[in-house]
Amino acid sequence: MTGTPAPHTGQELDAEALRERALAALLTARERTALLTDCVDDHELTAQHSPLMSPLVWDLAHIGNQEELWLLRAVGGREAIRPEIDGLYDAFEHSRASRPSLPLLPPGEARAYAADVRGRALDILGGAPLDGGGRRLERAGFAFGMVAQHEQQHDETMLITHQLRSGPAVLSAPEPPEPVGPVTLPTEVLVPGGPFTMGTSTEPWALDNERPAHRREVAAFHIDTAPVTCGAYVRFIEDGGYTEERWWAPEGWAMVREHRLAAPLSWHRDAGQWLRRRFGVTEPVRADEPVLHVSWYEAEAYARWAGRRLPTEPEWEKAARHDPTSGRSMRYPWGDEDPTPERANLGQRHLRPAPAGAYAAGRSAAGAGQLIGDVWEWTSSDFLPYPGFVAFPYREYSEVFFGPGHKVLRGGSFAVDQVACRGTFRNWDLPVRRQIFSGFRTARDA
Ligand SMILES: [Fe+2]
């Protein structure tokens, strides 16, 4: 149960391959959690860096507590280690703003608790029957995959906390790759009309909201080959983007007025130049980099200004997954093989999106690039269940968020690990949200 897991190429995996993948995913997540929490002192771990975020030490113990609930108690049938702390780390019981005032485990205890849970979880993983039979929670190692995804999603949340915290930089990473050779990408590609398969019924660790696979009719449309860049977004700003009501949905315009928005979050202007604060470093905004930290309202206003619109969620997924040659939908834009550093900017390997035009090896059959990784992409769609949706393993995973209040984001960002990123993966958030690693691309009817 050690070593690098066998590559997943879309073929069904046997129990040992699933066990190896689960182990690797859990270890990768814990390494990242340690990186994000060991780089600051105890005072910074327990401080609240933004009312939008939990103290980092809350995320740390919450990661352990969820792992205990699902792997130790639900799968392993074990007794609770510390039942008295369950309530403290229930995300539905306490708002983020209220979490610093809770009697949270101090950093040393939070680390020890998460490590204790992990040791027992790996014992359970070693003996779990991960074949096709048994309870659904254990089948194909789902619970282990779900817990690894959960930890990685909190790692992304902790990275947002790092972005919002003031003070000098504590994180560093190499720069992402530049586009190779001259960038001759067309600005948009045509996706022909017709049905395609949306969602999945076969991906072993796909979450309830990605299921089941179903056919969707999508009319022909054009979609950008890359996410909208900072340079393009600056043209919107300088053309009165934030001062002219006509580009905005009424709620978006109200948000602009109330908060006096004039640029993406963490941007400011100095001596005629746009600057951006990124993980404690102030730097010039790079024109060819995908724009980041924009709300759904800003994305939508930009699209209207550009004479275009946001893609719908089915359009985004068809542009990303549909292979017109075989007629089937692939796991990723480039095919069924797992992401690699040549294909997508994932896993916090870099601390920023790559310039538009990078990752030629990651382009979809339709010819669109950077759909996976770099920036989360807002779609025009509300977060809704697919036909035949069944909540699993609990309603609070997705079902309670369905409705017009949340908009769907697709594709993952540089801050998303591959275990929590698929062609079918759905993220959702409030349309006012801008601290997340969100960008967008635009589309138009054909
Ligand atoms: Fe959580």
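Modeller: Let's start at the iron ion: its protein donors are His62, His150 and His154, each through NE2, lying 2.2 Å from it. Donors here are N, O and S atoms within 2.8 Å of the metal (3.2 Å for Na, K and Ca), and water is not among the atoms, so sites may look incomplete. Along the sequence, the donor residues follow the spacing H-x87-H-x3-H. Helices (H or I, at least four residues) and strands (E, at least two) are DSSP runs, numbered from the N terminus. Both His62 and His150 are buried, meaning under 20% relative accessible area; exposed is over 50% and partly exposed is in between (1.4 Å probe, protein chains only).

A word on the ground rules. This is a predicted model, so local features need pLDDT of at least 70 and side-chain atom pairs count only at pLDDT 80 or more, while totals for chains, interfaces and linings use all residues. Residues are numbered from 1 along each chain as its sequence is written, and side-chain values use heavy atoms, with hydrogens and water left out.

Now for two glutamates. Glu20, in helix H1 (residues 15-38), is partly exposed because its relative accessible area is 25%. Its C-alpha lies 9.7 Å from that of Leu125, 105 residues away along the chain. Glu210 belongs to the loop between strand E2 (194-198) and strand E3 (214-218), and counts as buried because its relative accessibility is 0%. The Glu210 side chain makes a polar contact with the side chain of Arg422 at 2.7 Å. (That's a pair of N or O atoms within 3.5 Å; within protein, one must be able to donate a hydrogen and the other to accept it, and residues adjacent in sequence count only if both atoms are side-chain atoms.) Beyond neighbours within four places in sequence, Glu210 is in contact (heavy atoms within 4.5 Å) with residues including Tyr386, Arg422 and Phe425.

Last stop, a sheet: 3 strands form an open one in the order E1-E4-E12, with antiparallel pairing. Pairing takes at least two DSSP bridges between two strands. The edge strands, each pairing on one side only, are E1 (188-191) and E12 (443-445). E1 and strand E4 (residues 221-224) are joined by 4 bridges, and Glu188 has Asp224 as its bridge partner in E4.
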